[in-house]
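Q: I would like to go through this structure with you. Could we begin with how the chains meet?

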2 protein chains.
Amino acid sequence: MAKELKELTPRSKDYSQWYLDLVMKADLAENSAVRGCMVIKPYGYAIWEKMQRQLDDMFKETGHVNAYFPLFIPKSFLSKEADHVEGFAKECAVVTHYRLKNDPDGKGVIVDPEAKLEEELIVRPTSETIIWNTYRNWIQSYRDLPILVNQWANVVRWEMRTRLFLRTAEFLWQEGHTAHATREEAEAETIQMLNVYAQFAEEYMAMPVIKGVKSASERFAGAVDTYTIEAMMQDGKALQSGTSHFLGQNFAKAFDVRFADKEGKMEHVWATSWGVSTRLIGALIMAHSDDNGLVLPPKLAPFQVVIVPIYKGDEQLALINEKVDGLVKSLKALGISVKYDNADNKKPGWKFSEYELKGVPVRLAMGARDMENNTVEVARRDTLTKETVSCDGLDIYIKNLLDEIQANIYKKAFDLRAAQTITVDSYDEFKEKIEEGVFILAHWDGTAETEEKVKAETKATIRCIPLEGDKTPGKCMVTGKPSAQRVVFARAY
Amino acid sequence: MAKELKELTPRSKDYSQWYLDLVMKADLAENSAVRGCMVIKPYGYAIWEKMQRQLDDMFKETGHVNAYFPLFIPKSFLSKEADHVEGFAKECAVVTHYRLKNDPDGKGVIVDPEAKLEEELIVRPTSETIIWNTYRNWIQSYRDLPILVNQWANVVRWEMRTRLFLRTAEFLWQEGHTAHATREEAEAETIQMLNVYAQFAEEYMAMPVIKGVKSASERFAGAVDTYTIEAMMQDGKALQSGTSHFLGQNFAKAFDVRFADKEGKMEHVWATSWGVSTRLIGALIMAHSDDNGLVLPPKLAPFQVVIVPIYKGDEQLALINEKVDGLVKSLKALGISVKYDNADNKKPGWKFSEYELKGVPVRLAMGARDMENNTVEVARRDTLTKETVSCDGLDIYIKNLLDEIQANIYKKAFDLRAAQTITVDSYDEFKEKIEEGVFILAHWDGTAETEEKVKAETKATIRCIPLEGDKTPGKCMVTGKPSAQRVVFARAY
């Protein structure tokens, strides 16, 4: 790849194109031959694996286990929960046949009309229905509760306008589905998982989030309450990064899932579901990256350190290889992932820009002078700064540097959000300010009508009613009616 | 669950029913509401996670990376490789529509006839076609090779007769798809991955396997050569446990994937693919388990040790809890996974039979007398033997015991196979002996006709032409024609 091929459209010129350039050129993903479905390339998938491993550990620490439910959902199941079918019917991939046969008129194959399914199957857009139909057989008594199950899976929602990672017809995700004896326990689970997501976003993705509850019109189809974490991208738009739903008894009633409580009385079971998806990779990119490429937080980088030798001739290289060998071992011993790129068919300059594009947090370069002086050049991806550092104690230095980079990336995102979050009291001011790419804290009268009006006139939606922060009541900026607290408005992905 | 509910049909009475009883009662999997699709329950999924983690490490150690390709395959892609479409067309789930709408005549939803896809999509039965269509854009020059990619995914093959884990319409698997500049390199990759599978089967699943090549009629649809590992189940039937395919240039030609070699000449790329699936869980069960339940090799057991306290009153329990606490810590420090089950709503006897059913390799029981004597009762699942052991140095004792159990389970399976593998030279003897549940080493003339005749008359198939062992030529047991070496015949799952 020539240098110019790596160049990205600058963010200031076209943020959307910059994003797509970056996803493609950093080898994260690409569009496939199937409309709306992406290919997640090895480097992009490696980031997803890091996310999965960490989230899975956090789910297990909070008592959850994994299981796997069918890809297909009988069409009749979807209809059982009224809001649910309303929400998903319009974007369902439908399997109608189970066999192909040779085309009698041609060379290819056609669908065999004799192999029509009695009942059509939906490729799961989410699994509440098939799972609650299963739970009916798993739950008889309070002793069978709680059920704390998570599933890692692919899901399909036939979106008409797709964008790599952010909105695709097929995506990868996890979906937790829990069953509880009481409302209180289910509500506590909903909040617990919201907190797990927030912790993951902030500590691992280095991405500050606002925790809140969705307005009724933005709720998951079938939920009583939807909780969300909302993050600000660099263009000031919001990205919903994870949701946790309190489902009440809706699915238990739809699928007749009841349990005998301690007194032997039959009650419907209480439910939650919660999920994050490969969309998080899109969030990670848009939260931190720059015009030179990806900026990855060390905790999610496929490799945290890359080492590039700068040499003339095999003899020099052999000496550097030997020195690097020891360094790699000591870094690995500290749990740091390292790639040593001594491939001889690429020049150092090419490698530098390649690893910058790929967002490797720390790049070490070692040349003849470094060998003489027992030093190495250390370059940080987040600040694009370089310094020459002694090889003595370098492993500990790098370890601390990675922590510093992780913290710095978070701080940068936090400061951006702080600078671009404003409080507004008049709708006129709102309409003006929303154009600048900001989160606006404003009062709202709680009605869907006002929410819809704001959306139609400004393209801004209520991202959430925040759980933390200022809870002072006031008056709706649009109608002047009473408002319990300020809510977060923004344009969103 | 009452004791009797845990009882399994004995193997001697009905091996097939024993298997299904075990899968259901040990909470491994169950049939779902969707024909042929299973629900993998948490305990079954935990075994799959152990398998995945180990295989994934082995793939990465051999230089492979993971990626993800679309669930759907355009119908026209399947037709591009003639043998491939022939092999899979009859079992394809076909997506024809992308939307549902409210039924104007009823309460439910119907497929929206206006939302018909221009080209039908097949739910992947395997991904060679979509992947090779993608590789066309990834490969221009020899510098882009090799590509060493693996995918963890679900696939669908519309099987008419299904059995939990062994044959299901949807299953989970991994599929490696590699691209190489030369035939030799692709062949070496094919064999390397066969060896990885054999090592995994023997060292982790404790299941001896025969490595070999498939006869032409048992080849993967689209392969030049299919290599297999074949294992013997306790009823003497064979189970194909993993396959590695040398695909030649078939898919490169079908999808026009060429590269410029070092001289600038355009050549078609050489390919391999290889996979194992959740079928391995079925193999694991049938290879080792007994009439009391699962017998899991320690390396794949979700937890390796369970500790059950035997006590009267809270005071005694508190003392045992304290002692067990230290023991758990020291076991975990040695990398041993432990569950301490001090739940007070189940009796020790219930717990003993539960963990026997679940195949936990080692069970420790600690009661009042053990507390006095500083001992614990150690029960082995594989031999169903018990002994009283001092608590001093117990952690090391358990660690060694787990190794011993792993080795013993392997030895048992190895000895069974040795005892039930025979050499036969006459077809009459073959027909008699095959009824006994054995692997038969016999000469074969290499023709599909003879293979088909044997299959039709005895239900035995050629499992493989073994790579190792006796290579002496001889005469076909059926036709008397020349045979290059003995091959393995058996009835199979």
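Q: Which residue of chain B forms a salt bridge with Lys60(A)?
A: Lys60(A) is bridged to Glu49(B), and the closest N and O atoms are 2.8 Å apart. A salt bridge here is a side-chain nitrogen of Lys or Arg within 4 Å of a carboxyl oxygen of Asp or Glu. The rule finds two salt bridges across the interface of chain A and chain B.

Q: What kind of model is this, and how is it numbered?
A: It is a predicted model, in which local features need pLDDT of at least 70 and side-chain atom pairs count only at pLDDT 80 or more, while totals for chains, interfaces and linings use all residues. Residues are numbered from 1 along each chain as its sequence is written, chains are lettered from A in the order in which they are written, and side-chain values use heavy atoms, with hydrogens and water left out.

Q: Which helix of chain A gives the most to the side that touches chain B?
A: Helix α2 (residues 42–61) does, with six residues. Helices (H or I, at least four residues) and strands (E, at least two) are DSSP runs, numbered from the N terminus.

Q: And how much area is buried between the chains?
A: Chain A and chain B bury about 5100 Å², of which 67% is on carbon and sulfur atoms. Buried area is the accessible area (1.4 Å probe) that two parts lose on being put together, summed over both. Tyr68(A), Tyr98(A) and Leu100(A) supply 13% of what chain A buries against chain B, more than any other three residues.

Q: How many residues does each chain bring to the contact?
A: Chain A brings 64 residues and chain B brings 64 residues, where contact means heavy atoms within 4.5 Å.

Q: Which strands pair between the chains?
A: Strand β5 (residues 94–97) of chain A pairs with strand β5 (residues 94–97) of chain B in the antiparallel sense, over three bridges. Two strands pair if DSSP finds at least two bridges between them. Val95(A) stands opposite Val95(B).

Q: Now for sheets: what is there in chain B?
A: Chain B has an open sheet of 11 strands with mixed pairing, in the order β3-β9-β10-β16-β13-β12-β11-β24-β27-β23-β22. Its edge strands are β3 (65–66) and β22 (421–423), each of which pairs on one side only. Within chain B, strand β24 (residues 461–466) runs antiparallel to strand β27 (residues 486–490), joined by three bridges. Ile462(B) has Phe489(B) in β27(B) as its bridge partner.

Q: Where is Pro146(A), and what joins it to Leu145(A)?
A: Pro146(A) lies in the loop between α5 (128–138) and β9 (147–156) of chain A. A cis peptide bond joins Leu145(A) to Pro146(A), with omega about -5°.
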